[in-house]
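Subject: Structure for you to look at

Dear colleague,

Please find below the structure that I promised to pass on, followed by my notes on what was found in it.

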Amino acid sequence: MAVVDVLVSRTGRDLQRYDEVGRRQVVGCIPYRCNNPSNDADINDLEVLMISSQKKRHIMLFPKGGWEQDESIVQAAERETYEEAGVTGTIKTGLGRWLFKSKRFGSDYEGYMYPLLVEKLLDNWPEKNVRQRKWMTVDEAKKSCPHDWMIEALEELVLRLQQKGN
């Protein structure tokens with residue numbers, strides 16, 4: 001009998017991290033690729049991968065979720081990106097920290113985002129049946145994303161890639 005990989009997302013909040021004032025800590029990635037790897041500083045060659053919200057499929061976001069106590073922040077970012085977007089790759093230095101209020105729950109969050117250079121786009125991943133994914137230009141992503149803090153993280157990624165090219 002063949003061994004089958006189980007594709008299941010972590011659920012529940014028992015292991016979730018909270019900061020000293022009670023804000024839930026979340027972490028995620030901006031998965032990206034460059035269509036011209038010899039010139040990854042050209043914004044016109046940059047694409048980012050966005051995923052649909054589970055509840056409202058017309059809303060596009062970057063993958064993110066709870067940072068759990070049994071993992072490092074980078075492990076959490078990798079896990080969330082794998083579970084929600086079905087990609088793996090190389091994580092670079094963090095893009096920053098943002099404080100925001102959940103529109104859905106009305107609670108405060110502390111979010112961290114990382115750039116992830118996509119190396120593998122998987123055919124099967126845990127949330128394949130509840131999310132859609134789409135490659136977008138930076139301008140398309142800015143127009144699609146409803147969260148200012150995620151747009152700020154994207155702008156930081158673009159700035160960083162452009163500075164690398166100088």
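Trp67 counts as buried at 13% relative accessibility, where buried means under 20% relative accessible area, exposed over 50% and partly exposed in between (1.4 Å probe, protein chains only). This is a predicted model, in which local features need pLDDT of at least 70 and side-chain atom pairs count only at pLDDT 80 or more, while totals for chains, interfaces and linings use all residues. Residues are numbered from 1 along each chain as its sequence is written, and side-chain values use heavy atoms, with hydrogens and water left out.

The number of aromatic pairs comes to four, given that rings of Phe, Tyr and Trp (its six-membered ring) pair if their centres lie within 6.5 Å, with planes under 30 degrees apart counted as stacked, over 60 as edge-to-face and the rest as tilted. Trp67 and Tyr112 make an edge-to-face pair, because their ring centres are 6.2 Å apart and their planes stand at 85°. Since Trp67 lies in the loop between β4 (64-66) and α1 (73-85) and Tyr112 in strand β7, this pair ties together parts that are 45 residues apart in sequence; the helices (H or I, at least four residues) and strands (E, at least two) are DSSP runs, numbered from the N terminus. Tyr112, at 18% relative accessibility, is buried as well.

Trp98 and Trp149 form a tilted aromatic pair, with 6.3 Å from centre to centre and 45° between the planes. Trp98 belongs to strand β6 (residues 96-101) and Trp149 to helix α3 (residues 148-164), so that this pair ties together parts 51 residues apart in sequence. Trp98 is buried at 11% relative accessibility, and Trp149 is buried with a relative accessible area of 7%. Both belong to one aromatic cluster, formed by Trp98, Phe100, Tyr109 and Trp149.

Strand β7 (residues 108-121) also holds Pro115, which is buried with a relative accessible area of 1%. The C-alpha atoms of Pro115 and Ile30 are separated by 4.9 Å, although the two residues are 85 apart along the chain.

As for the chain as a whole, its secondary structure comes to three helices and eight strands, and 46% of its 166 residues count as buried.

A word of caution concerns pLDDT, the predictor's confidence in each residue, from 0 to 100: the chain averages 88, and 87% of the residues score at least 70. Over residues 1-6, however, pLDDT stays under 50. Where pLDDT is low, the predicted coordinates should not be read in detail.

Notes. Contact means heavy atoms within 4.5 Å.
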